[in-house]
Amino acid sequence: MKQLTFLLLCVGMLFGASQASAQTADKSKGGPNAEVKESTFKVYGNCGMCKKRIETAAKELPGVSKANWDMDEKKLTVSYEDTPGALKQIKEKVASVGHDTDETRAKDKVYKALHGCCQYDRPNSN
Ligand SMILES: [Cu+2]
């Protein structure tokens with residue numbers, strides 16, 4: 001069900017992007033002229049391997065230009081094109097590689113497959 005939601009979000013964003021290119025120079029609609037925004041949010045993890053995994057996952061998304069996870073604070077700072085749903089998509093992506101965030105939760109199966117030292121204490125719920 002979560003995957004379906006994600007898929008719908010992707011389709012929605014594609015549709016949004018094509019609309020934006022039809023109406024040129026409207027920055028609020030996203031697309032090539034979208035403003036780059038920086039956000040910081042909680043991402044659970046433990047070690048340097050987690051850091052690499054989290055940052056790599058975030059940067060795989062188109063529109064994400066920077067990703068830095070603070071190992072002490074357990075917070076990820078990202079620079080991304082501010083299109084509708086972009087931040088949620090980053091959180092979904094980070095959860096898809098096993099790391100819970102303030103809004104998204106990794107699948108148990110993915111979490112359990114993480115390296116032993118990466119199995120952080122999970123929050124009770126989201
Ligand atoms: Cu780790």
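# Exercises on the salt bridges, sheet, copper site and core

Asp 100 and Arg 122 are both buried, where buried means under 20% relative accessible area, exposed means over 50% and partly exposed lies in between (1.4 Å probe, protein chains only). The model is predicted, so local features need pLDDT of at least 70 and side-chain atom pairs count only at pLDDT 80 or more, while totals for chains, interfaces and linings use all residues. Residues are numbered from 1 along each chain as its sequence is written, and side-chain values use heavy atoms, with hydrogens and water left out.

## Exercise 1. Salt bridges

Task: find which residue pairs with Asp 100 in a salt bridge, and which residues belong to the network that contains Asp 100.

Solution.

Step 1. Apply the rule: a side-chain nitrogen of Lys or Arg must lie within 4 Å of a carboxyl oxygen of Asp or Glu. The count by this rule is 7 salt bridges.

Step 2. Asp 100 meets Arg 122, at an N to O distance of 2.8 Å. This pair joins distant parts of the chain: Asp 100 is in the loop between α3 and α4, and Arg 122 is in the segment after α4, 22 residues away.

Step 3. Arg 122 also forms a salt bridge with Asp 108, whose closest N and O atoms are 2.9 Å apart. Asp 108 belongs to helix α4 and Arg 122 to the segment after α4, so this pair ties together parts 14 residues apart in sequence. Asp 108 is partly exposed, at 44% relative accessible area. Through shared partners, Asp 100, Arg 105, Asp 108 and Arg 122 form one network.

Step 4. For another pair, take Glu 103 and Lys 91, with 2.8 Å between the closest N and O atoms. Glu 103 sits in the loop between α3 and α4 and Lys 91 in helix α3, 12 residues apart. Glu 103 is partly exposed, with a relative accessible area of 44%, whereas Lys 91 is buried, with 4%.

## Exercise 2. The sheet and its helices

Task: state the strand order of the open sheet and explain why one side of β1 and of β2 has no neighbour in the sheet.

Solution.

Step 1. Helices (H or I, at least four residues) and strands (E, at least two) are DSSP runs numbered from the N terminus. Two strands pair if DSSP finds at least two bridges between them.

Step 2. The order of the 3 strands is β1-β3-β2, with antiparallel pairing. β1 (36-42) and β2 (64-70) are at the edges with a single partner strand each, so one side of each lacks a neighbour. From one strand to the next the twist averages 15°.

Step 3. β2 and β3 (residues 75-81) run antiparallel and are joined by 6 bridges. Val 64 has Tyr 80 as its bridge partner in β3, and Asn 68 has Thr 77. In the hairpin of these strands, with 4 residues between them, Lys 74 has a positive phi near 55°.

Step 4. Helix α3 (residues 86-96) lies across β1, β2 and β3 and runs at about 130° to β3. Angles run from 0 to 180 degrees between N-to-C directions, with axes fitted to C-alpha atoms, for helices over the stretch in contact.

## Exercise 3. The copper ion

Task: name the protein donors of the copper ion and say where Cys 47 and Cys 118 lie in the chain.

Solution.

Step 1. Donors are N, O and S atoms within 2.8 Å of the metal (3.2 Å for Na, K and Ca); water is not among the atoms, so sites may look incomplete.

Step 2. The SG atoms of Cys 47, Cys 50 and Cys 118 lie 2.1 to 2.2 Å from the copper ion. The sequence spacing of the donor residues is C-x2-C-x67-C.

Step 3. Cys 47 is in the loop between β1 and α2, and Cys 118 is in the segment after α4 (108-112), so the pair ties together parts 71 residues apart in sequence. Cys 47 and Cys 118 are both buried.

## Exercise 4. The nonpolar core

Task: find which residues of the largest nonpolar core touch the most other members.

Solution.

Step 1. A nonpolar core is a set of buried Ala, Val, Leu, Ile, Met, Phe, Trp, Tyr and Cys residues joined through side-chain atoms within 4.5 Å.

Step 2. Among the 21 residues of the largest core, those touching the most other members are Val 43, Ile 54, Leu 76, Val 78 and Ile 90. Two or more residues come from each of α2, β2, β3 and α3.

Technical notes:
Contact = heavy atoms within 4.5 Å.
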